Amino acid sequence: MSDYLPMERLAMPRRQWLQRAASGFGAVALHALLSQQAQADSKGQSKLDYPQRAKSIIFLYMDGGPSQMDTFDPKPMLTKYHGEDPAKLFKVAPTQFNNNGTILQSPWSFSKHGESGIEVSSLFPELAKHVDQMAIVRSMTSKFPEHTFANYFLHTGSGLQGRPSMGAWATYGLGSECQELPGFIVLNGGLIPPGGLDCFGNGFLPASYQGSVLRPTGQAIANAIPIEPKSSLQLQKLDLLRQLDQVTVEREGKHDELESAIRNYETAFQMQMAIPKLCDLSDETKETLDLYGMNHEHEPTRTYGRECLLARRLVERGVRFIELTCPSVGHDRWDQHSKLKEGHTKNALAVDQPIAGLLTDLKRRGLLESTLVVWAGEFGRTPFAQGSDGRDHNPFGYSIWLAGGGIKGGTVYGATDEFGYHAVADRCEIHDLHATMLYLMGLEHTRSTFRFGGRDMRLTDVHGHILHDILA
Amino acid sequence: MLSTSISGRRSIGLGNRCRRPTIPEETSPFIHNAIDPFLAKEWKAHQLQPSPEATRSVLIRRLYLDLLGIPPTPEQLQEHLQDESPSWYETMVDQLLASPQFGVRFARHWLDLVRYAESRGHEFDEDVPGANHYRDYVIRAFNLDLPYDQFVREQLAGDMLEQPRVDPIRGWNESVIGTSFWHLGEWVHSPVDTKKDETDRFDNMIDVFSKSMLGLTVACSRCHDHKFDAIGTEDYYALCGFLLSSHYRMARFETDIVHRDIERERAQLRHQSQTGWDTLMVQFGNRSKQGEAGIARWVEATRESIQKLDANLQLAQRVPPENEALRVDYSRMQPSDPSWIPDGPGFGKSPIAAHTIDLMEGSLRWQPFQAAHFDSYWGRLKARLDSTNSKNSYSQVDTSGQALVTPTFKLQTTQLSYLVRGDCRAFVAVDSMRLISGPLHTETLKVFKSPDGSNSPYYRWVTQPLGRYQGKRLHVEFTPIDGRSFEIVQVIDGPPPPNVPVDQNRIRSTLERVLASEDRSQWQDIEWQLVAGAFAKLDENAKTWIADDEPLRKAFEQKKQTWRDHYDQLAAKTPWESHVTMAMIEGSGEDHPLLIRGNHENAGNLVPRHFLRALESQTEHAKNRLELSNKLLDPTNPFVSRVYINRLWHHLMGRGIVPTTDDFGVQGQPPTHPELLDYLAARLIEGDWSTKNAIRQIVLSHGYRQSSQDSNEALQIDPDNRWLSRARVRRLEAESIRDTLLSIAGRLDSSLKSGSVPVHLTDFLQGRGRPPKSGPSDGDGRRSIYGMVRRNFLAPMMTTFDTPNPFSAMGRRNVSSVPAQSLMLLNDPLVHDLARLWSERIFREPYATDAERIQSMYWTAFARAASPREVELSTQFLEQWKRDGMTPQQALQQLAHVLMNRKELLLRF
C-alpha cells in the first residue's frame with residue numbers, strides 16, 4: 001500500500017499507519033492502534049517532530065467575538081475621539097450590519113497587572129491576576145467578518161463547512177492517551193456556535209477523530225448509560241456477546257474488521273464506566289469548587305466553572321483536546337451588536353473566575369506546564385459603534401491569549417493600530433495559531449497531512465508560521 | 001491555450017484513450033466470464049490460488065447487501081436455497097437488479113458524490129428546497145437503468161435538452177431534475193463580500209463536478225496550475241464561465257411539459273382571437289363614424305375616469321434605444337433574441353406584441369407597445385414543498401414558473417430603474433447570491449406596487465437603490481405579486497427619466513383620434529398609453545356606448561364570452577399545483593475572468609468558456625452546459641466510463657481497480673488491473689452505458705463469488721488482497737446497518753414514497769437552525785436514504801458509522817471503528833425498541849421451543865442456522881433470565897438485543 005502515500009510519508013510510519021487504517025482498506029484496527037500508539041508515545045515520543053510541550057490542549061472558545069479594546073488591548077485614542085465619525089479618521093471597511101456609528105470608547109478602565117505589568121480591562125479582575133502566565137496576541141486576524149465562516153475558520157483553518165476541526169487533527173496526529181474516553185471532547189456549556197456541530201467535526205478524517213459533545217449536566221455523552229433494567233443484565237449480555245462473537249471468529253477466520261469491532265466493545269464498556277466517574281465531583285474539595293466559581297451566585301458562572309473543572313479532570317485522564325463552549329448568559333453570546341456594556345459584563349462574569357480557577361488549579365497540580373490553554377473568539381469588534389452602543393464584527397485585528405505548556409508568560413505579541421482596528425505589528429493569522437498549537441504538541445503542521453480528494457490536506461492549508469516569539 | 005508552465009505536458013494520469021483490450025488467454029477452473037481471465041493473469045503472476053466459491057447462503061446475503069443494502073428475508077433466503085436450477089445464482093442476480101430496492105442502494109452511492117443534503121448548513125441551516133425530489137429522481141434513474149451517459153447529461157444540462165426525458169406515466173420532466181446536482185452545496189446568508197461568496201460556491205460546484213464525473217481534482221487549479229495534472233487555472237476559470245452563464249431556479253418538473261403545451265394553446269387562442277377582435281373593432285369604428293354621439297360618450301366617460309385618477313396625470317416614457325444606460329429593452333426585442341429568458345410559462349414564448357388585445361382577469365386589455373408581459377392566467381400556479389427552515393425571503397418557491405430573467409451585466413451606477421405596468425417584484429442576483437435573510441442584502445429584493453392600483457393601465461418608472469453593488473455583476477429577476485399581471489418594458493442602469501406631464505386638453509383630442517384611421521406613426525408613448533387607458537375602460541364604457549345597438553353589443557359580449565370560455569376550458573385542464581425542485585436555467589453567455597492566484601479581488605483577463613483543454617478533442621469550444629456535456633461524453637474522453645465502472649467495482653468488490661476512486665490524476669493510485677479497467681469501460685459504452693449490465697457482469701465473475709476466507713499463503717503473498725484471490729470482508733455502511741436492524745425487527749417500510757423523515761433530535765443535537773420538530777426515533781421505519789439530511793443536524797447513527805459529511809464528492813467512504821459505534825448499538829433506545837419488536841414478532845409465530853425461536857432469529861439476522869454452541873449459549877441465557885423473573889418474551893428481547901450487537905451483523909463476508 002505504499003503507493004497510497006506520498007514519498008515523504010514513508011519517513012513517518014506512525015501517521016502512515018493511521019492513514020492506512022483510515023482508508024478502510026488496510027483494515028487495521030484503528031482504535032487499538034491508537035491505544036498502542038498512545039503507549040508508545042508516553043514511553044518515548046521518539047516519533048514526534050518536536051519535543052512535546054503540551055500533552056493536552058484546553059481551548060476556551062469565546063463564542064461571538066469578544067471586543068479586543070474592551071479586554072486585552074487598551075486604546076486611549078478611542079476616548080480621545082469618542083463620538084467622532086470614524087470615516088474622518090480611517091477607512092472603514094464593509095461590515096456585517098453596515099450600521100456604523102461613531103467612535104466608541106471602552107466603558108471599562110485598564111490597569112497594569114503582575115510583574116509584567118500587562119494592561120487588562122476591569123472586565124476580568126480574576127483573570128488579570130494570571131497575566132504573568134499568559135502570552136497575549138494582540139494582532140490576531142481572521143479572514144471572515146461573518147460568524148459561521150469565522151467559526152469554521154477558527155476551528156478548521158477553512159471558512160467552508162465540513163473540514164476537520166483542530167481537535168480532530170490533534171487526535172489524528174497524536175492518538176489519545178486515554179483509552180476510556182474519546183481523544184477530542186467538547187464540553188458544551190449551552191451555546192453551540194453558529195455553524196453548528198461541524199465546528200467540531202472530523203471532516204474527511206475518520207469518525208474516530210470527531211469531537212464528542214459532553215454535557216456538563218445530565219447524561220454526559222450520548223448512549224453512554226446502559227438502559228437495561230439491571231446492571232448485571234448488561235454484563236451478562238456482554239459476556240454472551242463475547243462468546244457468540246468468538247463463534248464467528250472461529251468460523252470466518254481472523255479478519256481485522258471483525259477483531260477491531262470486538263475490541264471496540266471493550267473500549268465502549270470502559271467508557272461507560274469512566275464517564276460517571278468523570279462527572280462525579282464528590283471527590284473534589286469545597287475549596288476547589290469555590291475556586292472554579294461553582295458556588296457563584298451567577299448561574300452561568302457555575303455552569304462554566306463546572307466545565308472548567310471537568311476540563312481539568314479530562315486533562316488528568318489524558319484526553320488530548322478539550323474545547324469549552326460558552327454558557328448562555330441570558331444575553332447574546334459575546335456578539336454585542338448593541339448593549340456592549342451589559343452583554344460583555346455578563347459574558348465576562350461567566351468565564352472570569354472559572355478560567356482563573358482553572359489556571360490556578362492546573363498550576364498547583366503541576367499540570368499547567370504540560371497543558372496548553374487557549375482563549376480565543378472567532379474575530380474581534382469594531383472601534384466604532386454599531387448603532388449607538390454596540391460594536392460590529394472586526395476580523396482585521398483582535399486579541400487572543402495562550403497560557404501553559406511551552407508558553408512564555410507575561411508576553412504581549414503584536415499590536416493593532418491606535419484605534420484597535422487593524423493588526424499592524426506582527427500580524428497573525430489563525431493558521432499561525434494552529435501551527436503553534438500543533439508545534440507545542442510535538443507536530444510539525446506541514447507534515448501533519450491527510451490525503452483527500454487528490455491533495456495532502458493540512459489544518460493550516462498552505463499557510464501557517466509557528467509563533468516562536470511567544471514560546472518559552 | 002494551455003498556460004506555459006504546463007504546455008507540453010498533456011497527460012492527466014490515465015489520460016490515454018480507452019481501447020478495448022483483448023481478454024487474456026488463461027485457463028483456470030475459476031473462470032466464469034470475461035472478467036476472470038484478467039484476474040487469473042495476476043493470480044498466476046503472483047502464485048496465488050483463488051478461493052473457491054463462497055457457500056450459497058453467504059453468497060445470497062452478500063448479494064442482497066451489495067445490491068439492495070438489506071439482507072434477505074428468511075423466505076427469500078429459502079427460495080434461493082431451494083432453487084435447484086444450475087442458474088439459481090443468475091436468477092437471483094436478475095431478481096435483485098429488478099428490485100426497486102436496488103435503486104435505493106445505488107442512489108445512495110451517487111448521493112455521496114454530489115454532497116446531497118436538504119439544508120444549506122452555515123448559520124441557520126436554511127432548507128435546500130425540493131432536494132428530496134432529486135434523491136427520488138436518482139432512485140428512479142437507477143431502477144430504470146437509465147444509461148449513464150444520459151444520466152450525466154441530465155446532471156449537467158437536463159434543462160437544455162431539446163427532448164427532455166418524460167416519465168411515461170406521470171408526464172414529469174425528469175431531465176430537468178438532474179440539474180439540481182449543481183445546487184446541493186452549502187449556501188451562506190449575508191456574506192459581506194459577495195464575489196468571494198460566489199467564488200467559493202463555484203469552487204464547490206466545479207470540485208464536485210470534476211471529481212464525481214471525471215475523477216479529477218480540477219478545483220486545485222483555482223489558485224495555481226495543477227501541480228501534477230495537465231489542468232491549468234485557465235481550465236478552471238473556463239469552467240466557471242459555464243456557471244456564470246447559468247442560474248438557479250425552482251422548476252415545476254411535474255407540470256413543466258403540460259404547461260408548455262397549454263401555453264402554446266393559449267398563444268394560438270390569443271392569436272386567433274386577435275382577428276375576431278379586429279373585425280369587431282372595425283364595426284366599432286364604423287359606428288363611431290356613423291354617430292358622433294357614440295364616440296363622444298365614450299371619450300367623455302374615459303376622460304372623466306382619467307381625471308379621477310389624477311388631475312395632474314404624469315406618464316412615463318421609454319428611453320430611446322441609443323441611451324447608454326439602457327440594459328434591457330423588451331419593447332424592441334426581436335423574436336428569438338437570446339436575452340429573452342423566461343422561467344416557466346408565465347411570460348410566454350416572447351414579449352407580447354404591440355396592439356395585442358388580450359382577455360385578462362375578465363377584462364379586455366390593449367397593449368400600447370411591445371413589452372414583457374406576465375399573464376395572470378399563470379398567476380394561479382401553486383407550489384407544493386415541504387419546509388423545515390425557510391428564512392429566505394426570496395425562496396422563489398411561490399413564483400416558480402412565473403419569472404423573467406434579464407441578461408447579466410455589470411452595474412455601473414448605484415441603482416436600477418425599471419419601466420413597468422402593474423405590481424411586480426424585482427430580485428437582483430448580485431454575484432449569483434440569492435439567500436436573502438438579512439442583515440445585509442435585503443435591498444436586492446424589492447416589491448413595486450402601483451399607486452393607481454394593480455390594474456392601472458399606465459406605465460411608470462420605478463427604482464431599486466443598489467449603492468452597495470456598484471461595479472458588481474448581476475442580473476434581475478421579475479416576478480408577479482399574488483399572481484397578478486404586470487409588464488416590464490425597460491431596464492436602465494441609473495436613475496429613471498422624468499415623467500412627462502399630460503396636458504389635460506390633449507386628452508380629448510387624442511382620444512378622439514382613437515378609432516380614426518389616421519397615421520399613428522408619430523404617436524409618442526404618451527398617446528399610446530392614453531389609448532390603453534381608454535381601452536381599459538372599454539368593457540365598462542361599451543355597455544353605455546353601444547347600449548342602443550343590440551346586435552353589436554351582443555356580438556361584443558358573445559365574443560368576449562367565447563374567449564373567456566376557451567380560457568376557462570384550458571384552465572380546467574391546467575394542473576395548477578405541482579412540486580418544485582431546484583434546477584438550472586441558461587442565462588446570457590458569460591466568461592469568467594482569471595483570478596490571479598485565486599484572489600477574487602485580482603481579476604485578470606476573461607477566459608473563454610471551454611472544457612478541459614487536455615481532454616477537449618475538437619477545436620470548437622463548448623459554449624454552454626449542453627455542449628459541455630457533449631464534450632464530456634465524447635468517446636475520446638476516457639475518464640467518464642473508466643471512473644464510473646471503477647466506482648461500481650469499488651462498491652461491489654470493496655476496493656476500486658483504481659483505489660482512489662475520485663482521483664484518476666497523476667496523484668491518484670495506479671490501477672491494479674489496468675487492462676481489466678479498460679475492458680470494462682469499453683464494455684460499458686458498448687452496452688449502452690447500462691449500469692445493471694455492468695453490475696451483472698461483475699457479480700457473475702468468480703472474482704466476486706469467491707469465499708472471503710483467507711488462506712495463510714494468500715495472507716503472506718498478498719496481505720492487502722490487491723490481486724483479489726479472495727473476497728473482502730467489509731463493514732456495512734451506516735444505512736445498511738440501520739436498514740438491516742429495521743428489517744430483522746420487522747419494522748422496515750421499504751416503500752419508495754417521496755418526502756423525507758425529519759431527524760430525530762436528541763439533547764446532543766443543538767445549535768442554530770435546529771428543526772422545530774423532532775422526527776420519530778425509528779425514522780418511520782423507512783429506508784435510511786429517506787432520512788432528512790440536514791447539514792447542521794446529521795443523524796448521529798449515520799455519522800457514527802461514517803456516512804460522509806456532505807461537502808464534497810466522496811466516492812470512497814471512511815470505515816472507522818470507534819467506541820461510539822458500540823455504545824450506540826448497546827445503549828441507543830432505538831436498538832432496544834427494535835429488539836423488543838423482533839422478540840414480539842417471534843412470539844407471534846407458532847414456535848414450540850426456545851431452540852426453534854433461536855434458529856428462526858439466526859436465519860433472519862445472519863442468513864444461516866445457529867450452531868449447536870450458539871443455541872446452547874443462547875438457551876442458557878434465556879433460562880437464566882426467566883428464572884430471574886423475566887417473561888419468555890422479555891428474555892428473548894434481551895437475546896435479540898445481543899444478536900443485534902453481533903459483529904457478524906455489521907459485516908458482509
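In this predicted model, B:F486 is buried (under 20% relative accessible area, with exposed meaning over 50% and partly exposed in between, for a 1.4 Å probe and protein chains only), and its relative accessible area is 0%. B:F347 is buried too, at 2%. Residues are numbered from 1 along each chain as its sequence is written, while chains are lettered from A and ligands numbered from 1 in the order in which they are written. Local features need pLDDT of at least 70 and side-chain atom pairs count only at pLDDT 80 or more, whereas totals for chains, interfaces and linings use all residues, and side-chain values use heavy atoms, with hydrogens and water left out.

Rings of Phe, Tyr and Trp (its six-membered ring) pair if their centres lie within 6.5 Å, and planes under 30 degrees apart count as stacked, over 60 as edge-to-face and the rest as tilted. The count over all chains comes to 55 aromatic pairs.

| Pair | Centre to centre | Angle of planes | Class |
|---|---|---|---|
| B:Y148 and B:W689 | 6.2 Å | 35° | tilted |
| B:F347 and B:F486 | 5.6 Å | 80° | edge-to-face |

Helices (H or I, at least four residues) and strands (E, at least two) are DSSP runs numbered from the N terminus. B:Y148 belongs to helix α7 (residues 148–157) of chain B and B:W689 to the loop between α19 (674–686) and α20 (691–700), so this pair ties together parts that are 541 residues apart in sequence. Both B:Y148 and B:W689 are buried. They also belong to a cluster linked by ring pairs, whose members include B:F102, B:W110, B:Y137 and B:Y644. In the other pair, B:F347 lies in the loop between β4 (341–343) and β5 (357–360) of chain B and B:F486 in strand β16 (residues 486–493), so parts 139 residues apart in sequence are tied together.

A charge sits over a ring if NZ of Lys or CZ of Arg is within 6 Å of the ring centre and within 35 degrees of the ring normal. The charged end of B:K391 is placed in this way over the ring of B:F124, 4.1 Å from its centre, and A:R215 lies over the face of B:F764, at 5.0 Å from the ring centre.

In chain A, strand β10 (residues 380–386) pairs with β11 in the antiparallel sense over 4 bridges, where pairing requires that DSSP finds at least two bridges between the strands. A:Q386 has A:G390 as its bridge partner, and among the 3 residues between the strands of this hairpin, A:G387 takes a positive phi near 60°. All 5 of the 5 residues of β11 (residues 390–394) are buried, so this strand is largely enclosed by the rest of the structure.

A:R138, in strand β5 (residues 134–141) of chain A, is buried with a relative accessible area of 14%. Its side chain reaches the backbone oxygen of A:F72 at 2.7 Å.

Definitions and conventions: A polar contact is a pair of N or O atoms within 3.5 Å; within protein, one must be able to donate a hydrogen and the other to accept it, and residues adjacent in sequence count only if both atoms are side-chain atoms.
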